Amino acid sequence: MKKIVAFSLSATLLLGACKKSFLDEKPRAQTPEDYFASSTKAPEEIVTSVYSKLYDWNQHCFSWIGVSSIADDNADKGSEPGDSGTDKDQLDNYSFTSTSASFNEVWNANFEGIARVNKALDMLDKLNVDPNLKTRYQGEVRFLRAYYYFQLVRMFGGVPVISRVPITEDEIRQVNVRNTADEVYDLIEEDLQFASASLPENYLIEKGRATKWAAVGMLAKVQMYRQKWDDCAINCESLINSGLFELHPKYEEIWREVGEWSSESIWEIQAKGDFPAKGIQQYFSVQAPRGAGGLGWGFNTPTQKLYDAYEAGDVRRDATIITSGQVLWDGWQTNAAAPNKYYNYKCYISESQETFANNRDQTNKNLRVLRYADLLLIYAEALNEKGQTGAALQQLNAVRQRAKIGNSMAATQDEVRLAIWDERRLELAMEHDRLFDLRRTGQIADAIKADGKNFEIGKHELFPIPQRQIDLSNGLMTQNPGY
Amino acid sequence: MLDYLQMHKLQGTILSHFMIKILAYTLSATLKNSQKRIGGLLLLLALVWQVQAQTYSGYVTDLSGASISNVRVEARDAEATTNEAGFFTVAAEAGQTLVFSHPNFQQYSTLLTDITELSIQLTATDESINPVVVVGYGTSRKKDLTGSVGSVQAKDLVVQPVMTATSAIQGKLAGVQITNYGGPGTTPTVRIRGTGSVIGGVEPLYVVDGVITDDIRNINTADIVSVDVLKDASSTAIYGVRASNGVILITTKTGKRGALSIDYNGSYGIKALTNKVRMAGPNLFAIYSNEAAGTFAITENDITGRTDWMDAITRTGSQMNHAFTFSGGNEFSTSLLSINYYKEEGILLGNDYERVAVRSNNTFDLSRRIKAGSTMGLSKYHSNNKPYSAFTSAYNAAPIYNAKNPDGTYGYTTKSNVGNPLATLELTDDQSWGFRLQGSAWGEVALGRNLSFRTSYGADLFENNGQNFQNKYYVSPTQRYDTTTLSVSQNQGYRWIWDNTFNGSFQAGSQHSFKYVVGHTAERYDGVQYWMSRDGVAPQQQYRYLNIGTSTVQANLGYQGPLGDYGRRESYLGRVNYSFEDRILFTGTFRRDGSSKFPLQNRWGNFPSAGLAWVLSEEDFMPKGVFDYFKLRSSWGRVGNDRISPSEFVTLLSSGLNAVFGNNIYNGTTIAEIKDPNLRWETTTEFDLGFDWELAGGHWHGIVDLYHKYTNGALFNIPLSAGLGDNNNSMLTNAADISNKGIEFTIGYKGITQKGLSYQINGNATFNKNQVENLGLGQPTNFGSLNNGHFATRVAAGQPIGAFWVYRTDGVYQTQAEIDNSPHVFGTVKGDLKIVDTNGDGIISDLDREYVGSYQPKCFFGTNVQMNYKRWDFNMDLFGNVGNMIFNGKKTVRYGGNYNVEYEVGMNRWTADNPTNTEKRAFNGVPLPSDYYIEKGNYLRLNNLSLGYTLPEALAKKSKVKGYRVYVTAQNLFTWKSYSGFTSELPGSPAEAGIEISVYPTSRTIMSGLSIQF
């Protein structure tokens, strides 16, 4: 009997249990509700988060450098022979597989960027934002969505098209289903069209935001990839006719601090070198000269073939390639005994002559995403394909002249086409463009084989879909041919 | 360097209060005695003394409250014996002493006052006769237990010269796996009956005198009465949602009634590296590096010195311990004050830890019905921290130059990428210090003869500080720091816990007895942390302030935020023990827990358990003379684990996703993480079947336990498709099921020889099988980063947590034809390891990896031998484990730039002239993680060896000393091990332990000490 009493006592205690208020521990990080209720900057900050992805290690650093540059014929892995950089050796020598880590990294990064765009678009709709500003913000983030998708489609071919926050079961399922490359490109063009119509031509202070001309220029480039030559030429012309851009006279200055947002620059990812510094995470230190007296890890080194490809007198060679042992423009002495003969000059930061906060991981190096010389060569290619070979040569030669070399000797449409492609190789060397150009122009197999690598036709034209993503898709995601 | 002024003041205050009390007590006792002889000189005392002989009565119980019969009670002129209920009456006078004696209990005496109703508790002399264990919100006689509880008593703790109680119980209890970390001031990892979670926290719950905590480094081992480990769910379920990893209950000493006793225990000893890995010397290093076709050709001119880096960065460390304990009490109160100073100088140069711990525990009998008391531990520590990565650097550094040049500058070479490890150590100025106040105050009221109410309020306050100053230095062009940086950090926190319990018991007839506890408890913990840094602070010691920074670049970064963990809990608990003639025992517990870590709908949960035991040796059908004692036990229960970060179920904003526009940084914010709004705790259901036995008049005793723990809904970060846009591509949810199945054996023998040598031998062994049963929606996930871009472990269904997942090798390529005819990694040449294409798809990729065991041992075991002969005492502990694997990760951290190699690797390397099939060619590159790096982790260690001598009483008496013992002790004296690295003890998080990269090697400690009792 007493046992029952004891139990009922405890039961009484239990029934009186519900002091819920005591257990309500409020989260110490902001909830969306509190944030939207209190912040006047919410719309702007949500847009900024989309740009923020551009600075991340997995977006624009080691893995991206690996897949977009080390895998081409302008660059080698670099560093020391045994230093594989996780899988950069595989990217360099074309022994990569679907489990090579870099692919999953860049895949994740770009899709995270896309997700941030979609979240921003969703929230901009729900928040009370000035209509003009809202249109601009939508333009900015859609420009960035196009940018992220352009990266993905060039690396992997068709990928899942996700244009809004997946909420329904079907939408969640669809994030694992690949669309065709054309469908991806359609979204890219649509986003860029929208951006070009809704963005301002320029910003007085906030350089780094997407502009109308960044959108127009990107659109032209995308249309070049799609061989939509008429549309491409029209967009090039409209950008050229804006009169806002011209080639910067000194090629070697383009990638220096003095060349930031020069007349040649169409869009850059803006970095900040003084304290507190914010740059593309370790972009400099991964590529900077290695070894005793070095500044970094020394990956992504220019090949001898690239070095030799420049004509005599071409100023671009010594502006693109550091030769170990040389004194750089700011007086910095490189080490002749460094592990690699060549290093990437375009990533170089002068610690003495440029803004530098004693932080090699966060430097002021702006990534020049699109510049006028690129656009002139796009225009040249469009004109040439449209049969206007003479006009094409004019654009090509403008680029050559700035490089202090003579006019092209090409004459026929075919010759001019090849000349433009070769020019793109040299003009845009080490600017994450070459590999995708090789793929676009069908030169990839010959070029990579000529570089002594094991290129398999019908397979290596695209990178493998990361095995991780296939595993996670429950069989919905398909692999590229050959992998 | 360290300002202990505050501490000394505080100690002084406590001490003086205590001394005054002691003096007053002693004085009054002295006066009373003289009064008796001289006769009525003092009026006051005369008044006290003018009393008649009267009848004193009361109950005698053991520490668990159980009645003790047959206790002899002696007054000056009369004596009595307690009855079955423990009750006695005896005629005596106030001022006389009553002495209680019983063969199984320590003699106890009390000075009589005019309070005539007494309540006496006796402490068992030999704990094995009727040991009492702490079981959570109460105590129990060991023989009444229906669950599995392991206990280690004070005398077995203090014999180990280690800092924490958990280190001291290593190898002593079945089912309790302790893995020590070598660094000073570190605390070992503890796993009770396997690992039941991947990321939900796997350490047991610690309860110190009823106060829940997660760090027991503040407690002096000598202050501990017992460490009780609750293992099965019948024992742990009273702690509900926090109990799934087991519970360790630590009880600290209280003062002993009677005259003041003072104990001093001091020891000092040295520590040394036990186990050096032999590295290549300059010549072999140069040959190997050049052969590896590294970038640098190392010539004779490059060899400017010869350094054994492990010698260069290590030293003979030391350990010192001084403890004073003052204990005393009268009929109203007991007091204990202890002061302890502990200092450990690690084997890593400049790395040390010191701690001052003061404890004051008091009890007061306010009336016959009301008792109160307090426990309080105050501790302060300071440590000089050095980067443990120095061990890895020393392993990697080129041996070809002097650590220091004759002119005092640091040596360096351009022929290797590894910086000078000695410079790194000496140029690190990193300190941390803090204090902690942990204690409780309690009151207990007897509501009747068999019911009492207890309230206890426990608090834990702490503050930790860190200060790192990086001075400018230039060792080499690549090892330099061009500015000065001061970084400071602080965290402060508190925890309170308020328990209210009713304890009662009753009998129903002569056969049925019941005991019960019901209660309520509430808990809250919270805190704040700061972190700040500034460049340009001048290097002199007195300028360790951020504001001193004279730099025009005010390079200050600041952070202030909540502590990583904060929360609230509220619980209702109950336990009933039923005994039928002490033959059939039942324990039922129930706890209802609420935790703020979970969403409203999952906030409350119920955790029941039941245990049944049958003392078969009491039954008639059992043949007599086989077992003296045999108890069959079985229990079932459900417990939980809520150890995750707060607010994991709430969708939050991620800020700081910044971008630059113009020359300004703009704050970016978004919802970056996908959260599971239905998060709940991990639930472990445990079944236990065991028996306890004694044979041959108690000479032999043993315990066997079979257990099966099944954790349902273990927290796991399930990977998500990138398209869903989570910033980590994962979501924390209750995805995994994990099981631990095992069997535990404990066996002991005690005896005494005719010549008076008494001895006991105890052994225990635990076999545990850990397995991830499934990952729900989750995919196998990789862990175990090797710091070289690769990883070595994976959590996958069907495997133990943290299984090694690596490539298979099949010898070494001897010919080019062999390479050409098999799938191989690009660039493979003769002398490289053959990586096996296990899935036969013609390429070598992650899909070829296989599981090759894990860091979790199949069996761990310990043995303890104690001997006493006349004045000599001897103790020996052995500890070991078998069936675990180790990944020798330090061998794989090579980025190409002439890292040193082990002597054996260098000497035995494959060359055209030495076509071995076991060692690869000279190679400086980052290797694939393969079974080449997997080694067996079996080891057996002579954990402790102690010899003591107690000085003769005659000598002791002359010097007014009651006891006097000198001893020598050696910790970790010798290890027999299969593993070739520094240590087989490699703690780590559940999914990636057992990888030796930056490890602090275990050291050997040899000490001598002295205990004195005044």
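This is a predicted model: local features need pLDDT of at least 70, side-chain atom pairs count only at pLDDT 80 or more; totals for chains, interfaces and linings use all residues.
**Entry 1: overall form of chain B**

I started with the size of chain B. Its C-alpha atoms fill a box of roughly 105 × 70 × 65 Å along the principal axes. I then checked the radius of gyration. A compact globule of 1014 residues would have one near 31 Å, and chain B has 32 Å, so the two agree. I looked up burial next: 46% of the 1014 residues of chain B count as buried. For contacts in chain B with a separation of 6 or more, I found that 70% join residues 24 or more positions apart. I listed the secondary structure of chain B as 12 helices and 51 strands.

**Entry 2: domains of chain B**

I noted three domains in the assignment for chain B. Domain 1 covers 1-48 and domain 2 covers 51-125. Domain 3 is written in pieces: 263-644, 679-807, 855-902, 939-977 and 980-1013. I looked up the distance from domain 1 of chain B to domain 3 of chain B; their C-alpha centres lie 41 Å apart.

**Entry 3: where chain B meets chain A**

I turned to the contact between the chains. Chain B gives 73 residues and chain A gives 71. On the side of chain B that touches chain A, the elements with two or more residues are β26 (485-508), β27 (512-535), β29 (567-580), β30 (584-595), β33 (659-661) and β34 (664-666) of chain B.

**Entry 4: nonpolar cores**

I looked for the largest nonpolar core and found 218 residues in it. A:Phe143 and A:Ala215 touch the most other members. Helix α9 (residues 131-156) of chain A supplies the largest share of this core, 13 residues. Apart from this core lies another of 62 residues, including B:Val176, B:Val211, B:Ile219 and B:Ala222.

I followed A:Ala215 further. Beyond its neighbours within four places in sequence, A:Ala215 is in contact with A:Phe143, A:Leu192, A:Ala195, A:Ser196, A:Leu199 and A:Ala210.

**Entry 5: helix α20 of chain A**

I picked out helix α20 (residues 434-441) of chain A. Its buried residues are A:Arg434, A:Leu435, A:Asp437, A:Leu438 and A:Arg439. What do the buried residues of α20(A) pack against? I found α6 (62-70), α19 (413-427) and α21 (444-450) of chain A. I also checked the backbone just after α20(A). There A:Gly442 takes a positive phi of about 75°.

Definitions and conventions. Residues are numbered from 1 along each chain as its sequence is written. Chains are lettered from A and ligands numbered from 1 in the order in which they are written. A nonpolar core is a set of buried Ala, Val, Leu, Ile, Met, Phe, Trp, Tyr and Cys residues joined through C-beta atoms within 7 Å. A residue is buried if 20 or more other C-beta atoms lie within 10 Å of its own, exposed if 12 or fewer, and partly exposed in between; C-beta atoms are placed from the backbone. Helices (H or I, at least four residues) and strands (E, at least two) are DSSP runs, numbered from the N terminus. Two residues are in contact if their C-beta atoms, placed from the backbone, lie within 7 Å. Domain bounds come from an automatic or database domain assignment. The radius of gyration is taken over C-alpha atoms; the globule rule is 2.2 Å times the number of residues to the power 0.38.
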